[in-house]
Amino acid sequence: MTIAGTIIELAKKKKLHFALLDPDKQKPEVAGQIAQTVTDAGSSAIMVGGSTLISQKQVDETCQAIKKNSDLPVILFPSGAKFLSKYADAVFFMSLLNSNNLGYVIREHVKGAPFVKHSGLEPISMGYVIIEPGMTAGRIGEADLIKRNDLQTAVGYALATEYFGMNFFYIEAGSGAPEPVPNEMIQAVKKNTSIPLLIGGGIRDPDTAKEKARAGANIIITGTAIEKDAHFKATLAHIIRAIEGL
Ligand code: 1GP
């Protein structure tokens with residue numbers, strides 16, 4: 001089965017956790033160690049990407065280090081065509097739907113698609129939107145940030161994603177966001193759509209992860225914020241246990 005198919009089937013049975021590793025935030029060896037930790041903790045996939053990357057080499061080396069230490073699927077979360085790597089298993093072929101820059105909506109995809117074809121990476125289509133405060137991803141992605149109380153716009157993007165035939169919808173508040181995506185927004189999107197919903201940005205503890213999963217998130221994403229936690233391994237295991245039980 002494809003990686004997308006496996007995730008969709010798994011997400012029907014339980015709430016999942018994906019860890020996001022930004023190659024810009026640590027050396028590849030450290031990324032490899034973190035990969036080992038998230039695998040032991042029970043994550044279902046490792047995403048690799050970030051808004052401030054400078055070279056493909058960073059992505060290649062990070063993916064190679066992760067693959068050495070983990071059997072989990074490695075899915076790229078690229079900010080542009082230059083940041084694809086043949087060492088990953090799949091790529092979120094995602095459009096930042098609320099960007100004011102067409103590059104993030106479609107033009108980078110046009111540049112990167114031939115690489116995806118020839119590398120054998122599995123493309124996984126995903127609609128992606130950033131809400132307030134957006135943090136670095138919002139700024140670099142030139143996002144027309146969705147207001148935190150604008151449920152109608154969030155639902156509109158989610159429906160548009162589904163009607164375009166994309167497989168997943170990801171709403172994030174930005175890495176390190178002081179407040180994650182509001183529960184009401186997650187509930188409204190979930191009520192109106194049927195594709196798996198990913199939620200990320202500013203989720204740092206089991207209670208928050210549980211709240212977001214209970215509101216309707218199928219997949220909880222945590223990134224750099226939680227890696228700074230001194231008890232990273234234990235916190236991650238608690239987060240995963242908290243959402244799996246729902
Ligand atoms: C990835 O923004 C998320 O898109 C990750 O956010 O670093 O706050 O977990 P955190």
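A salt bridge is taken here as a side-chain nitrogen of Lys or Arg within 4 Å of a carboxyl oxygen of Asp or Glu. The model is predicted, so local features need pLDDT of at least 70 and side-chain atom pairs count only at pLDDT 80 or more, while totals for chains, interfaces and linings use all residues. Residues are numbered from 1 along each chain as its sequence is written, and side-chain values use heavy atoms, with hydrogens and water left out.

Across the whole structure, 8 salt bridges were found. One of them pairs Glu9 with Lys12, whose closest N and O atoms are 2.9 Å apart. Side chains of opposite charge can pair when their charged atoms come close. Both Glu9 and Lys12 belong to helix 1 (residues 3–13) and are 3 residues apart, about one turn of the helix. Helices (H or I, at least four residues) and strands (E, at least two) are DSSP runs, numbered from the N terminus.

The ligand sits in the largest pocket. A pocket is an open set of points on a 1 Å grid over the protein atoms alone, where a 1.4 Å probe fits, with protein on both sides within 12 Å along at least five of seven lines. A molecule sits in a pocket if more than half of its atoms lie within 2 Å of its grid points.

An N or O atom in the side chain of Tyr170 is 2.6 Å from a ligand oxygen. A polar backbone atom of Gly176 is 2.7 Å from a ligand oxygen. For a backbone N or O atom of Gly223, the distance to a ligand oxygen is 2.7 Å. Taken alone, the ligand exposes 310 Å², and the protein buries 98% of that (Shrake-Rupley method, 1.4 Å probe).

Notes. Polar contact = N/O pair within 3.5 Å; in protein donor to acceptor, adjacent residues only side chain to side chain. 1 Å grid on protein atoms, 1.4 Å probe; cavity = no way out; pocket = protein on both sides within 12 Å on 5 of 7 lines; lining within 4 Å.
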